[in-house]
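Here is a short briefing on one protein chain. Keep the sequence and the 3D view open while reading.

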Amino acid sequence: MPSIMSPQWQDKAAGFFSSSGVKLKEAKESAGTFVGEVTKDTKSNVAEVAGRVGSMVKSRWALLQQPSTRHAVQDRLISAAATTGTLLRRGLSGTKDKVVVGKSKVEEVAKITAQKSKTILTDIERWQKGVASTDVFGVPIEVTVQRQDYCKPIPRILVNCADYLIVSGLNSLDLFKSEGNKKVIHQLVSLYNQDSTASVPEGTNPVDVAALVKYYLASLPEPLTTLELYNEIRGARSSIYSMRNILKRLSSVNYMTLEFITALLLRVSQKSLLNKMDARSLAMEMAPVIMWQKENRPEFYRQYWNQMSKSPSEKSVDTPPGSYTAWDMLADDGEAIDASSPIPLDDGTPVDFGAIEVIQLLVEHHNAIFTDANETVWK
């Protein structure tokens, strides 16, 4: 097929290709030269860096090889090792101390747990068998007197408390009115339930001893004046003669104990300028626990007495098994239950003014009412 391109365009195309080939060759040569230079520069830079690193390592190594530098490094290493050893020894010593303290605490808790567990078992045994033979709180007064080896038909706990008050407590402020310390009462209840002849511990606050007397009288199953004679005794409060004749109908134990308590109150009232407790004040405090009717019995005292008996370390009497709480098991005084708080002795029952007047009469006219007592209380 004949060419459709004119000779003129053929010449131009040949010239274009010819010049393009020359330019490509020149570009190739230029690129090769540039790559070579770059490669050369790179090798030169790497060699320079390597030389610098080698020189630095060599100089450092030479420095380390010098005796003074080597000794300084050794000293630093030795010092660091010594410091580390000291810290380790301190850590081990502190750990040992903590272990010793922890062991001591564990042993102490274990000892307390063992003691309280033993007491709990004793309480369960007491509950199963009934009131223990040594208990005085919550026990009929006749039973307590029969158990004891004593010349007077009066509970020894009352005699010992009265002796303590006569010797060292008559001047105490608000005697028989202040509520007493719960912790101390716990301890005293436990003491006398285990040994009814025990003396009051030396140094006991007279206020707590007086509160214990009230507490004991409130725990009796029947009032000291008896339920049977309540109305007659109350009705005779305006006549010393009538009162004397009615009281003679009490049992020997009740009569002698009533005489004993009112004689003690008389001694307290004689110090009223110091203790602020006259016959009327004492009668208001003591009437609710000495003379009451069945429907007005001092239940608050009894409930608190039962509550106290649940405490294994400071128990009094029968506690059904299974009624112990976590506090009973391990709690110290002063935890959830504040063992040092006062015992609230006001049970909220209506005031029996007749009973108050009776007790006031017995205190103020004690010698006239109890003229034929078998023996005086204190000589």
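The model is predicted. The chain has 15 helices and zero strands.

**Whole chain**

- The chain holds 379 residues, and 37% of them count as buried.
- Its accessible surface is about 22200 Å². Carbon and sulfur atoms supply 57% of that area.
- Take the contacts with a separation of 6 or more: 77% of them join residues 24 or more positions apart.

**Helix pair α8 and α14**

- Helix α8 spans residues 240-247, and helix α14 spans residues 353-364.
- The two helices pack at an angle of about 95°, and their axes are 12 Å apart.
- That angle falls within 65 to 115 degrees, so α8 and α14 are roughly perpendicular to each other.
- On the α8 side, I240, M243 and L247 make the contact.

- K214 sits in helix α6 (residues 206-219) and E285 in helix α11 (residues 279-290). The pair links distant parts of the chain, 71 residues apart.
- K214 has 1% relative accessibility, so K214 counts as buried.
- E285 has 21% relative accessibility and counts as partly exposed. The cut-off for buried is under 20%.

- E232 belongs to helix α7 (residues 230-235). R249 lies in the loop between α8 and α9 (252-269). The two residues are 17 residues apart.
- E232 is partly exposed, at a relative accessible area of 33%.
- R249 is also partly exposed, at 48%.

- D352 is in the loop between α13 (326-330) and α14, while R234 is in helix α7, so the pair ties together parts 118 residues apart in sequence.
- R234 has a relative accessible area of 28%, so R234 is partly exposed.

**Where the topics meet**

- Helix α7 carries a partner in two of these bridges: E232 and R234.
- Which helices flank the loop that holds D352? They are α13 and α14, and α14 also packs with α8.

Note on methods. Residues are numbered from 1 along each chain as its sequence is written. This is a predicted model: local features need pLDDT of at least 70, side-chain atom pairs count only at pLDDT 80 or more; totals for chains, interfaces and linings use all residues. Side-chain values use heavy atoms; hydrogens and water are left out. Axes are lines fitted to C-alpha atoms, for helices over the stretch in contact, and angles run from 0 to 180 degrees between N-to-C directions. Helices (H or I, at least four residues) and strands (E, at least two) are DSSP runs, numbered from the N terminus. Angles under 35 degrees count as roughly parallel, over 145 as roughly antiparallel, 65 to 115 as roughly perpendicular and the rest as oblique. Contact means heavy atoms within 4.5 Å. Buried means under 20% relative accessible area, exposed over 50%, partly exposed in between (1.4 Å probe, protein chains only). Accessible areas come from the Shrake-Rupley method with a 1.4 Å probe; for residues, only the protein chains shown count as cover.
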